[in-house]
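The exercises below are meant to be worked through with the sequence and the coordinates side by side. Each task is followed by a solution that goes step by step.

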Amino acid sequence: MNRRNVDGTRTSFGVRLARGLVLLAALLFFATPLVALLDFSTAERDGSRSWEAWTSLLDDPLMVDAIVTSLTLAGLTVVLMLVLLVPTMVWVRLRLPKATRFVEFMCLLPLTIPALVLVVGVTNVFTWLTYFFGDTPLVLTFAYVVLVLPYAYRAVDASLSGLDTTTLSEAARSLGAGWWTVILRVVVPNIWPGVFGAAFISIALVLGEYTFASLLNYETLPVAIVLTSKSDASLSMAASLASILFAAVLLVLLSLFDRGRRTQGGSR
Amino acid sequence: MTTNQTPTATGGRTSGRPSRGRAAAPAIGLVPFVVYMTIFLVVPTVTVVVGAFQGPDGGFSLEKIKALGGETALGALRESLLLSVSSALIGAVAGALLCWAVLASPPASLLRRVTTAVCGVLAQFGGVTLAFAWVATLGFNGLLTGLLADVLGTDPNGASWLYGLPGLVLVYTYFQVPLMVIVFLPALEGVRPQWREAAANLGASTWQYWWQVGFPLLRPAFLGSALLLFANAFAAYATAAALVSQGSPITPLLIRASLTSEVVLGQSDFGYALALQMVLVVSVVMAAYAWLLRRTSRWLQ
C-alpha cells in the first residue's frame, strides 16, 4: 500500500507508458507461439478450420500409449518421491538436525548435474533395473524422482519451516505416539500444501521430460510428440498445446496452494 | 485407527516407546534416502567421471579428455557458450524489465498473479512443446511466416535460421525470460520504499537513486540470476533436440550424437568426456550463483 502511494504520486506518464509497452511486448512474445500452435493444429490445407488433429489425439494408438505411459510415470514418481522425501525430511528435522545441510545439498544437487549427464552415466544402473523389472518405460520413475527432487524439496521445506515440528512431535510423543504416527498423523496433515505443491510440480516436470525418455528409447508423451511431428505435424502441434495447457492448469493450481500458504503465514 | 491408538496412548507401553526410539541411532532414518541417492545420482555421476578417464582397455587414459580439444568438441563448446551467454543476457535484461513493469501493481493484483503463474509454466515445462510452438510460428506454414515474408521479404517457406544457432537463442529466450522473472522478482520486491524515501530526503533525483542506490544493491542479485540462466541454457537438451534433428552444433547435441551413434571422431564413449565437461562448467557457474545469492541476501531479506 505504502509503496503504491509513493510510486503513484511520482510516476510520470512516460514511465507508465514504458511499463505498458514492456507488458505489451511480453504479452505478444509469449502469446504468439501458443496462438501459432492452436492455429497450426486447426488449419486445413484449403484454409478452413477443423478440429481433426485434436480429436485424433485420442485415436492415434502411439499417442494414447504415450499419454498413458506419461501419466502412469507421473503418478508413480509422485508416490515414490513422497515416500522417500517426506519421512526423511521430517526425520531430519525431528531427530537429526545435523544432517539438514547434507540432505538439502543432496536434494539440490540435480540442479548442478544436468539430466543429460545422468543419462550418460546411468546405463549400467538401468541395465539391472530392466533386469529386475522387465523392459518397461516405468523404470524411468527411478530417474525422475531424482530430477524432481530439487523442486519437491523446496515445496516441502517451505511448508515444514512454517511449522513447529519439535513441539508438535514432543506433544504427540508424550501422549505415546510412535515415530510413524508422529510423521503420518501429526506432521503430514500440517504440511499438505507443501506435499501438494511437490506433487503438482513433479507431475508437470515428468509430463514434459524428454532427455531421459528419448535417449533411453522409451515412448513417453514428449517423445511421441517428436516422433509424430515427422508424419503428422498438426497432430504433434495439438498434442504440444494440450500438454502445455495441462501443465499450466496443474501449476496454476499449485500457485493457488502456494498463495493460500503465504497469506496464512502473513496473517500470523 | 483411532481405536487402535487410544489404548496405546493410555496403556502402560508409553514408558517403553521412547527408550526403544533412543536405542536405535537416529542416523538409520537416513538410510533409504542415502541409498537411493547413491544409486541414482552418485553412481551415474561417478560413472561419468571415471568413464572420461578410461581408455578402450578399461585402464587410465587421457585420450578422451584430449579429444575435448579436438575441433568438433571445441566448436560445439564455443557454440554452446555463445548460445548460453546470449540467451542468458537477453533473458536477464528482458526478464528484469518485465519484473520492473509488473512490480508497479500490488502483489495480490491479477497482473502479478497471472505473470508469476505463466512464468512458472513456461520456465518449468518441457522444451519439446516450446520448440514446436516456435516451429508453428516461424517454420513452414507458420503463423508469422507469411506475414514476415510480406513485410520483410523473408523466405515464405519459413525461417531456416530457426533450426540453427539464432533460432535456438530465440527459443531459449522463451524459457529464460520467465525463469528470470521467477528468480529476480523476489530480489526486486526486497527493495524497500524507505531507501527511496531516504534518498529523496537527502535530495537525490530518481536517476541518482537508481544509479547510486538501486542498481548497486541489485547488481549481485542480477548477476546471480544471469548465471543461473546461463547454467540453465548450457544444460538444456530437449528444446535443442526437438528443434535440430540433424547435426550437432552444440555440446548437448554432440553428446546425443555420441550416445546414439556410438562412434564420434572414431571414438566410442566420447560422451563421457563431454558430459564431464558439462558438469564442470555448470558446477562452477552454480557455485558462483550460490555465492552471489549469499551476498544478495545480506541486503535483501
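**Exercise 1.** In which helix of chain A is the place of A:Ser202? Determine also whether A:Ser202 is buried or exposed, and which residues it touches.

*Solution.* Keep in mind throughout that the model is a predicted one. Start with the secondary structure: A:Ser202 belongs to helix H11 of chain A, which covers residues 192–208. Next, take the accessibility: the relative value for A:Ser202 is 0%, and because buried means under 20%, A:Ser202 counts as buried. Then list the contacts: leaving out residues up to four places away in sequence, A:Ser202 touches A:Val78, A:Met81, A:Val148 and A:Ala152. Finally, turn to the annotation: an unreviewed UniProt entry lists "transmembrane region" for chain A at several spans, among them residues 191–213. In the model, the span 191–213 of chain A is 87% helix and 0% strand, with its end C-alpha atoms 32 Å apart. Another of the annotated spans is 102–122, for which the model gives 86% helix, 0% strand and 23 Å between the end C-alpha atoms.

**Exercise 2.** At what angle do helix H2 of chain A and helix H7 of chain B pack, and which residues make the contact?

*Solution.* The description of two packed helices rests on the angle between their axes and the distance between the axes. For H2 (residues 13–42) of chain A and H7 (residues 127–138) of chain B, the angle is about 80° and the axes are 8 Å apart. Since angles from 65 to 115 degrees count as roughly perpendicular, H2(A) and H7(B) are roughly perpendicular to each other. On the side of H2(A), the contact is made by A:Phe29, A:Thr32, A:Pro33, A:Ala36, A:Leu37 and A:Phe40, while H7(B) contributes B:Thr129, B:Phe132, B:Ala133, B:Trp134, B:Ala136 and B:Thr137. Sorted by class, this contact has nine nonpolar residues, three polar ones and no charged ones. Two of the residues named here, A:Phe29 and B:Trp134, also belong to one aromatic cluster together with A:Phe30 and B:Tyr174.

**Exercise 3.** How many aromatic pairs are there over all chains? Work out the ring geometry of A:Trp91 with A:Trp179 and of A:Phe142 with B:Phe40.

*Solution.* The count over all chains comes to 24 aromatic pairs. In the pair of A:Trp91 and A:Trp179, the ring centres are 5.5 Å apart and the planes stand at 75°, so the pair is edge-to-face. A:Trp91 is part of helix H4 (residues 61–95) and A:Trp179 part of helix H10 (residues 179–187), both of chain A, so the pair ties together parts that are 88 residues apart in sequence. A:Trp91 counts as buried at 14% relative accessibility, and A:Trp179 counts as buried at 16%. The pair of A:Phe142 and B:Phe40, by contrast, is stacked, with 5.4 Å from centre to centre and 10° between the planes. A:Phe142 lies in helix H8 (residues 140–161) of chain A and B:Phe40 in helix H3 (residues 31–52) of chain B, so this pair joins two chains. Both A:Phe142 and B:Phe40 are buried.

**Exercise 4.** How many helices and how many strands are there in chain B, and is B:Arg112 buried or exposed?

*Solution.* Chain B has 14 helices and zero strands. Of its 301 residues, 48% count as buried. At 6% relative accessibility, B:Arg112 counts as buried. Its contacts, not counting residues up to four places away in sequence, are with B:Val102, B:Leu103, B:Ser105, B:Pro106, B:Pro107, B:Leu185 and B:Glu189.

Key. Residues are numbered from 1 along each chain as its sequence is written. Chains are lettered from A and ligands numbered from 1 in the order in which they are written. This is a predicted model: local features need pLDDT of at least 70, side-chain atom pairs count only at pLDDT 80 or more; totals for chains, interfaces and linings use all residues. Side-chain values use heavy atoms; hydrogens and water are left out. Buried means under 20% relative accessible area, exposed over 50%, partly exposed in between (1.4 Å probe, protein chains only). Contact means heavy atoms within 4.5 Å. Axes are lines fitted to C-alpha atoms, for helices over the stretch in contact, and angles run from 0 to 180 degrees between N-to-C directions. Helices (H or I, at least four residues) and strands (E, at least two) are DSSP runs, numbered from the N terminus. Angles under 35 degrees count as roughly parallel, over 145 as roughly antiparallel, 65 to 115 as roughly perpendicular and the rest as oblique. Ala, Val, Leu, Ile, Met, Phe, Trp, Tyr, Cys and Pro count as nonpolar, Asp, Glu, Lys and Arg as charged, and the others, Gly among them, as polar. Rings of Phe, Tyr and Trp (its six-membered ring) pair if their centres lie within 6.5 Å; planes under 30 degrees apart count as stacked, over 60 as edge-to-face and the rest as tilted. UniProt positions are given in the numbering used here, feature names are shortened, and annotations may be inferred rather than shown by experiment.
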